[in-house]
Amino acid sequence: MDPFRSVLWSRLDARSGDVEVLRLELHRHRPETSELGTHAHRHWQALVYLSGRGREEIGGELHPVSAGTMILLPPGARHAFVRESAQPPLCLMIDFRARWPVRTAVRTLSAVEMARIRSLLANLARVNDDERVPDMLGRASAALALLAATAEFSGWHPRPVRHSALTVLHRVQRLFESDPAASPKSVAAEMGYHPDHLSRLVREETGLGLRALGERVRLQRAQRLLREKRLIRDAADAAGFPDQNYFARWFKRQTGSTPAEWRSLTAGR
C-alpha cells in the first residue's frame, strides 16, 4: 500500500538548462504509517516538511525533522523516515535531475522562507491539472520556481544581488540587527525612503518584503541563542519581545514549535 495520501501532485517534464523536474507531490503520510524503510533513488529528491515531527536517517546519521525542515538528497543517498508525533507529516517532495554537487543538505528554513514555499505551492494549486498548454506551462513554471527556492535556501546556489542593492540590503540588515524591535516605518525613515518603496527594493532582491525581512532577523537572533543553550528569556529579549509568553506564541507561529521544543529538536545539530 502506498504510505502517502496525495494532496497535490503532478508528473512533469519541466526543464531549465541541465535541471529537469520529474515529479512534484504534496503528500501526507497515512495515519497508519509511522516508518518508511531505508531506500534510495536514482534521481535527486528535495523534501520540505510543512508539518509533523520525526527523524530522517541519511547514510546512518540521524537528523531531527519538524515543520520547516528541508532536505536535499543526491542520487543514491540511502534514507529512512520515522515519525515521532501523532500528526501525520505533510511534506513537499520534488524529484529532479541536476548536475549539482553530490552532497546532502539538511537545514531548518526560516518562517519567511517557509512562507515563500507556501506561496509558491498556492500558485501551483491554482493551475488546472489538464493537458491544455497554459496549464502545462503553469505547472512547469511553478515546479521550477519551487526547486529554485530550495536551491537558494540550501546555500549552494544563492541568488545574485546587484552591488547597489546589496548596499541597501546591508544597511537594512544592520538597522534591524541593532534594534530587533524596529518597525519597517522607522527603518525606512532612518534610510530616507518611503516604507513602500524600500519594501519593493528589498523584495526585488530577496523575495521578501521589509516587514518579512525584519521578522527573519528577529527569528534568527532568537534561534542563535537557543542553539547556544541560553535561557528562553534571553532569546525573547534578543528578538525584541519583553513579554516571554507573547514571544513563545510568536515563535511557534514562525516555526511550528515552541522555543523549548525547537531547542530540543535542534540539540546537537
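Guide: One term before we start: buried means under 20% relative accessible area, exposed means over 50%, and partly exposed is in between, with a 1.4 Å probe and protein chains only. Also, this is a predicted model, where local features need pLDDT of at least 70, side-chain atom pairs count only at pLDDT 80 or more, and totals for chains, interfaces and linings use all residues. Residues are numbered from 1 along each chain as its sequence is written, and side-chain values use heavy atoms, with hydrogens and water left out.

Visitor: Good. How many helices and strands does the protein have?

Guide: The protein has 9 helices and 10 strands. Those are DSSP runs numbered from the N terminus: helices are H or I with at least four residues, strands are E with at least two.

Visitor: And what is the radius of gyration?

Guide: The radius of gyration is 20 Å, close to the 18 Å from the globule rule for 269 residues, so the protein is as compact as a globular protein of that length. The radius is taken over C-alpha atoms, and the rule is 2.2 Å times the number of residues to the power 0.38. Along its principal axes, the C-alpha trace spans about 55 × 45 × 30 Å.

Visitor: What share of the residues count as buried?

Guide: 48% of the 269 residues do. As for the surface, the protein exposes about 13,800 Å², and 49% of that is supplied by carbon and sulfur atoms. That area comes from the Shrake-Rupley method with a 1.4 Å probe; for residues, only the protein chains shown count as cover.

Visitor: How many bridges join β5 to β8?

Guide: 5 bridges join β5 (residues 54-58) to β8 (residues 79-83).

Visitor: Is β8 enclosed or open?

Guide: β8 is largely enclosed by the rest of the structure, because 4 of its 5 residues are buried.

Visitor: What about β4, how many of its residues are buried?

Guide: 8 of the 8 residues of β4 (residues 44-51) are buried, so that strand is largely enclosed too. β4 pairs with β9 (residues 90-97) over 7 bridges in the antiparallel sense, and 4 bridges join β4 to β7 (residues 69-73), also antiparallel. Q45 is a handy spot for seeing both: Q45 stands opposite D95 in β9 and opposite L73 in β7.

Visitor: Let's stay with β7. Is T69 buried or exposed?

Guide: T69, which lies in β7, counts as buried at 1% relative accessibility. Leaving aside neighbours within four places in sequence, T69 is in contact with L47, V48, Y49, P64, V106 and R107. Contact here means heavy atoms within 4.5 Å.

Visitor: And S154, which residues does that one touch?

Guide: S154 touches M70, L72, A105 and R107, not counting residues up to four places away in sequence. S154 lies in helix α2 (residues 133-154) and is buried, with a relative accessible area of 14%. S154 and I71 are 83 residues apart in sequence, yet their C-alpha atoms are 8.6 Å apart.

Visitor: Switching to α6: what span should its 18 residues give?

Guide: At 1.5 Å a residue, α6 (residues 210-227) should span 26 Å, and its end C-alpha atoms are 26 Å apart, which agrees. The expected span is 1.5 Å times one less than the number of residues. Buried residues in α6 include L210, L213, G214 and V217.

Methods:
Two strands pair if DSSP finds at least two bridges between them.
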